[in-house]
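Subject: Structure handover and findings

Dear colleague,

I am passing on the structure below so that you have it to hand while you read my notes. Please keep it open as you go through them.

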Amino acid sequence: MKHRPGFLCADFHASRDGRRVINYAQWETEDHYWAMRADPEAQVHMDEAATIATDVQPRLFTVASHHPRP
């Protein structure tokens, strides 16, 4: 995804019990996100990733607060 227009970053967070993984990705705009989702090449990647998951729940969030290091 890192070469897609509007992609900023992605982080994977694995729960300590080994039962959950969260993919937290940031995009410049919601339009960039939806363009990626509509791209057949990106969909191949999304489909491949879904084969190792038992439950995929895409969600869009708005950053409510941001606390960078000083």
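This is a predicted model: local features need pLDDT of at least 70, side-chain atom pairs count only at pLDDT 80 or more; totals for chains, interfaces and linings use all residues.

Residues are numbered from 1 along each chain as its sequence is written, and side-chain values use heavy atoms, with hydrogens and water left out.

The protein has two helices and two strands, arranged along the sequence as β-β-α-α; these are DSSP runs (helices H or I of at least four residues, strands E of at least two), numbered from the N terminus. The C-alpha trace spans about 40 × 35 × 20 Å along its principal axes. Of the 70 residues, 10% are buried, where buried means under 20% relative accessible area, exposed over 50% and partly exposed in between, with a 1.4 Å probe and protein chains only.

Two salt bridges are found in the whole structure, each defined as a side-chain nitrogen of Lys or Arg within 4 Å of a carboxyl oxygen of Asp or Glu. In one, the closest N and O atoms of Arg4 and Asp39 are 3.5 Å apart; this pair joins the segment before S1 to the loop between H1 and H2, 35 residues apart. In another, Arg4 meets Glu41 at 3.6 Å, N to O, and here the partner of Arg4 lies in helix H2, 37 residues apart. Asp39 is partly exposed at 25% relative accessible area, whereas Glu41 is exposed at 57%.

Helix H2 also holds His45, whose C-alpha lies 8.4 Å from that of Met1, although 44 residues separate them in sequence.

The largest pocket contains about 1,700 Å³ of space and is lined by 39 residues, with Ile22, Asn23, Tyr24, Gln57 and Pro58 nearest its centre. A pocket here is an open set of points on a 1 Å grid over the protein atoms alone, where a 1.4 Å probe fits, with protein on both sides within 12 Å along at least five of seven lines, and lining residues have an atom within 4 Å of a point. Strand S2 supplies the largest share of the lining, seven residues.

Ile22, in strand S2 (residues 21-27), is exposed, with a relative accessible area of 54%.

With regards

Note on methods
Grid points are joined across faces, edges and corners, and a volume is the space filled by probe spheres set on the points.
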